[in-house]
Amino acid sequence: MICPHCLKTIEDGASFCPYCNAYVGPGDGPEHTEFVFCDGCGARLSPHDRTCPKCGRPAPGILSKDAAASDLAAGRTAGFPRLTQEQIDTEVPHAPASAAAVLSDAADPNETCVLPAFDKDFGIPKVDMPTPVSLRDDAQSSKQKPKRKVHPDEDAYHKHKRHIPKPVIVVALLAAVCGGAYWFVTTDPLGVMPGFYSEFGHAAQSTFPSRQKGEQTQDDVAKVDESDGDDTSDVVKEEVVLTDDELYAKLDQIYQTILSYNTEDQIGEVITSFNSGYLRSTLSTRQEMSQSAYDLRDRIKQTQDELDNLKYQDGTVYAEDIEHLKQLAEWMYERVDVICQSWDISLSIPDGESMSARQSEILAPMAQGGNSALNQYDANVGAWKPRQRS
């Protein structure tokens, strides 16, 4: 026997072709002029399909009593019970007439879906949406507070959640952080702020020493008061004009002071400390040994200021002696100042650097100054001693 659909040889008396599944039985066999749908998944089936290509369920009406036993044994429906013709007729679904008008052969025959009821007027599916609880007409609605209307895109069966805007959350967090920091600084629950303030003050003082005013202690106040008293007394003394005898005594005292600067204990110690210390590798040692030179220069400067502040009578006979003493003090200051300049260069070199490599740089101020101040001082110091005149 040859299948009229696929033209392949099949067994004689077979009701369906095992190759194309087409019905080849007697003419009074089951024929479906309408669309056929699977009872299990609702997929549309071809009138010649024996089983659903989606779920494998037998197509409605294929298990008739006329089906051959060999065909059932070879097919995928052998595990299903045999149906009677009455059961087949009652179980075959009948698609609504409007579905045939909407669906066409271009639709996917394997599409798995259950067709909803169609609106006859517009030809679109009807979806019965349950009325939200918030929109129901209730007898007590007039007595209660009006409920919020539900948006069409909103889920009517779940409670609406209010979302807080992100900027509000950010502002609230910043306010909480700033408030917590202010509370911690003002209350200081851990007792760490005094130590923090002291450390910060020390760091600022070491970084910007010139900007620190400092706090005056009682000792400082006492010193200031004493200095004010001294300044007052000095002002009183400055206002007193010295006579010639008083002026001679004062000039002789200043002359002896200038001579003391040129002794072994003062200028000699400065020179010895410089020669033995300006090439020391340790900075602290150099600082300690240079202090004598700076102290001597400050004392000579005080002597110069004392000479400049003398008040004496006009036309005094000791005017030339005053100028001589000023010149002697100036030469002594120059001798010590060049040593201090060399110390400045030596102290600017940090620990770890080679001092001998910069020896010429350190001695440069002394080389430029020369011995002119020393020679002139030695040549005139004896002749310029003040002598009393009548």
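Is C17 buried or exposed? C17 is buried, with a relative accessible area of 0%. The notes below concern a predicted model.

1. Cysteines. The structure holds 0 disulfides. C17 is in none, and the nearest cysteine sulfur, that of C6, lies 3.5 Å away. For reference, a disulfide is a covalent bond between the sulfur atoms of two cysteines. C178 is another matter: this residue is exposed, with a relative accessible area of 52%. The cut-off for exposed is over 50%.

2. Length of helix α7. This helix runs over residues 244–261, which makes 18 residues. At 1.5 Å a residue, α7 should span 26 Å.

3. The buried side of α7. Which residues of α7 are buried? They are L247, Y248, L251, I254, Y255, I258 and Y261. These residues cover an arc of only 130° around the axis, which puts them on the same side of α7. The general rule is that an α-helix has 3.6 residues a turn, so residues three or four places apart point the same way.

4. What covers that side. The buried residues of α7 are covered by elements that include α8 (264–277), α9 (283–308), α10 (319–347) and α12 (372–380). Two of these helices, α10 and α12, return in point 6.

5. S273 in α8. S273 lies in helix α8. At 14% relative accessibility, S273 counts as buried, because the cut-off for buried is under 20%. Which residues does S273 contact, leaving aside its neighbours within four places in sequence? The partners are Y278, M289, S292 and W343.

6. Packing of α10 on α12. The axes of these two helices are 9 Å apart, and the packing angle is about 145°. α10 passes α12 in a left-handed crossing. On the α10 side, the contact is made by L328, W331, M332, E334 and R335. On the α12 side, A373, L374, Q376, Y377 and N380 take part.

7. R44 in β2. R44 lies in strand β2, residues 44–45. With a relative accessible area of 12%, R44 is buried. How far apart are the C-alpha atoms of R44 and K54? They are separated by 9.8 Å, for residues 10 apart along the chain.

Conventions: Residues are numbered from 1 along each chain as its sequence is written. This is a predicted model: local features need pLDDT of at least 70, side-chain atom pairs count only at pLDDT 80 or more; totals for chains, interfaces and linings use all residues. Side-chain values use heavy atoms; hydrogens and water are left out. Helices (H or I, at least four residues) and strands (E, at least two) are DSSP runs, numbered from the N terminus. The expected span of a helix is 1.5 Å times one less than its number of residues. Buried means under 20% relative accessible area, exposed over 50%, partly exposed in between (1.4 Å probe, protein chains only). The arc is that of the directions from the helix axis to the C-beta atoms. Contact means heavy atoms within 4.5 Å. A disulfide is a pair of cysteine sulfur atoms within 2.5 Å. Axes are lines fitted to C-alpha atoms, for helices over the stretch in contact, and angles run from 0 to 180 degrees between N-to-C directions. A crossing is left-handed if the near helix is turned anticlockwise from the far one by less than a right angle, and right-handed if clockwise.
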